[in-house]
Amino acid sequence: MGIADLFFYLFSALTTGSAVMVISARNPVHAVMFLILAFINAAGLFLLLGAEFLAMLLIIVYVGAVAVLFLFVVMMLDVDFAELRAGYMKYFPLGATIGFILLAELVVLFGAWKSDGGISVTPKVPIPDTAAITNTEAIGHVLYTDYIFYFEAVGIILLTAMVGAIVLTFRQNENAKRQNIGDQIARTPETSIEIKKVETGKGI
Amino acid sequence: MVEYFWTAIWPWIIWTPILKAIQSLAFIVPLLILIAYIIYADRKIWAAVQLRRGPNVVGPWGLLQSFADMAKFLFKEPIIPSGSNKILFLLAPLITAFVTIAVWAVIPVGSGWPANEGTSWVVANINVGILYVLAISSLEVYGIIIGGWASNSKYPFLSALRSAGQMISYEVSIGFVIVTVLLCVGSLNLTDIVLAQQTGLANWLGVPTLTILNWFWLPLFPMFIVFVISALAETNRPPFDLPEAESELVAGFMVEYSSSLYMLFMLGEYLAVTFMCAMTTILFLGGWLPPADIAIFNWIPGVVWFMLKLWLVFFMFAMVKAFVPRYRYDQLMRLGWKVFLPLSLFMVVAVASVLHFFDLAP
């Protein structure tokens, strides 16, 4: 057993443990913190697999951006725990029934499922030798050379979603004061200052 | 059994971690001493601009001021507000300090002696160095958000929200600036980025002695400025120190913090600032490479050049702090999203096109 195995068990235990804590933590902020811990440990697992690019990307995208937004929203919410738990017993039978049905379906499905003796599909793009090429380059080749059109399509779909979200939530506030930087810079003493001679004891 | 211990357990489970720990310690101790003098220099430069003396009592010329401050912070009583979330309140400064130290692991500070030898002094020379930097520095925002929220007080919370918005906004433009550099290098390894600056513009212009022209600050000039300004915003330095804005938010997200907890935040802040200086040095100022190909310059060890450049960039940061007035929050956001983002996005496309059509891509 090498050090990699030790770390595998450490990371997997922490990932599953914190995933359980995400749904069982009482405080939503704590739940988000456990989610972040789960992401970081998952990145550790990727590192052990030699997928260093994916590991770093997981932290940059999920921990650095997505989880920050989660945390933002959860912190801004004024969560009333008593109110949250008020309906708990009322809805418990319904929730338990739905959960039980799903579980039963899964049991039936996996009971009837037979494997045909291993997956025999060969990948369309051969998996490159990790010693010869860094995995950043390998992923780059796959995304930008072999599957460029799919990649572009995904980009356009995401852009559409983003524009849609902005259009739905954007409200122009007529009363808000806005600064036009161009106007601001174009101001000269002549247009912005007025000099008045004030006679003593009279005021303006 | 004994054989197994020496071949399998000793080298991988015991010796490697010990070796890495020694290396890290040998890196972190000089780094923290550097931080002590960066803080001292910051205060001295600020004082000089304002015609004050600055710290001048502890030790000759006040050189031991930072150490005295550290001792003071350590011996004071940490006060934890009764309404705070205690675990997260204690966790926040630890996250800040841990993350800002951890990010230094991939920074190459010098090369073998004499300079230009092709190797580098770095704790972890990993392939995805730049991504590691982006990943770890994106965690810095957590120290601030958690600190602000766990204090259970209005000013820290407002400040934490401001700070998070600011850091996320400027991470975007920093990312694009780094992409332009990476396009010219063809590698995510920080050592490769420095070594890629050994040849370039100076050779094409026919003055190979002036290696200073090879560094990316000149060919990617607007990006250099964008990076430095974004670095100021990313580390909450003045003129973008809105999270701390004393005039409106008392002292930002660390109002409720005292003694050693506050010290960890301050340490983290200066580590992040120094780190951004180091990144500017590596990405745009040629890391440890000497500025001219002259024998006497080549004899000077690379780490000396690295430190000189780092101090030069930090001097710029300190001067900006001393004489630029603070931005308003909407101006800050405008600069980030409406000026830097389109500019850096355009530069990514422009640099990529130039490299492609003139067949310069590495």
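**Reading helix packing and a chain interface**

Biologist: At what angle do helix H5 (residues 140–150) of chain B and helix H6 (residues 154–185) of chain B pack, and how far apart are their axes?

Modeller: Two packed helices are described by the angle between their axes and the distance between the axes. For H5(B) and H6(B) the angle is about 160°, and the axes lie 7 Å apart. That makes H5(B) roughly antiparallel to H6(B); angles under 35 degrees count as roughly parallel, over 145 as roughly antiparallel, 65 to 115 as roughly perpendicular and the rest as oblique. The axes are lines fitted to C-alpha atoms, for helices over the stretch in contact, with angles from 0 to 180 degrees between N-to-C directions. Helices (H or I, at least four residues) and strands (E, at least two) are DSSP runs, numbered from the N terminus.

One bit of housekeeping: this is a predicted model, where local features need pLDDT of at least 70 and side-chain atom pairs count only at pLDDT 80 or more, while totals for chains, interfaces and linings use all residues. Residues are numbered from 1 along each chain as its sequence is written, chains are lettered from A and ligands numbered from 1 in written order, and side-chain values use heavy atoms, leaving out hydrogens and water.

Biologist: Is the crossing of H5(B) and H6(B) left-handed or right-handed, and which residues make the contact?

Modeller: It's a left-handed crossing (left-handed if the near helix is turned anticlockwise from the far one by less than a right angle, right-handed if clockwise). From H5(B) come B:Glu140, B:Val141, B:Ile144, B:Ile145, B:Gly148 and B:Trp149, and they meet B:Pro156, B:Phe157, B:Ala160, B:Ser163, B:Ala164 and B:Met167 of H6(B). Contact means heavy atoms within 4.5 Å. By class you get nine nonpolar, two polar and one charged residues (nonpolar: Ala, Val, Leu, Ile, Met, Phe, Trp, Tyr, Cys and Pro; charged: Asp, Glu, Lys and Arg; polar: the others, Gly among them).

Biologist: At what angle do the axes of H11 (residues 259–284) and H13 (residues 302–323) of chain B cross?

Modeller: Roughly 120°, with the axes coming within 9 Å. That makes H11(B) oblique to H13(B), and their crossing is right-handed. Residues making the contact include B:Tyr270, B:Met276 and B:Ile282 of H11(B), along with B:Phe306, B:Phe314 and B:Lys321 of H13(B). The class count is 11 nonpolar, three polar and two charged.

Biologist: And in chain A, what is the angle between H3 (residues 52–76) and H6 (residues 135–146)?

Modeller: About 80°, and their axes are 8 Å apart. That makes H3(A) roughly perpendicular to H6(A). A:Glu52, A:Phe53 and A:Leu54 of H3(A) touch A:Asn135, A:Thr136 and A:Ile139 of H6(A), a set of three nonpolar, two polar and one charged.

Biologist: What area do chain B and chain A bury between them?

Modeller: The size of an interface is often given as the accessible area lost when the parts come together. Here that's about 2,400 Å², 77% of it on carbon and sulfur atoms (accessible area with a 1.4 Å probe, summed over both parts). B:Leu131, B:Tyr142 and B:Trp149 supply 22% of what chain B buries against chain A, more than any other three residues. In all, 29 residues of chain B are in contact with 27 of chain A.

Notes: Buried area is the accessible area (1.4 Å probe) that two parts lose on being put together, summed over both.
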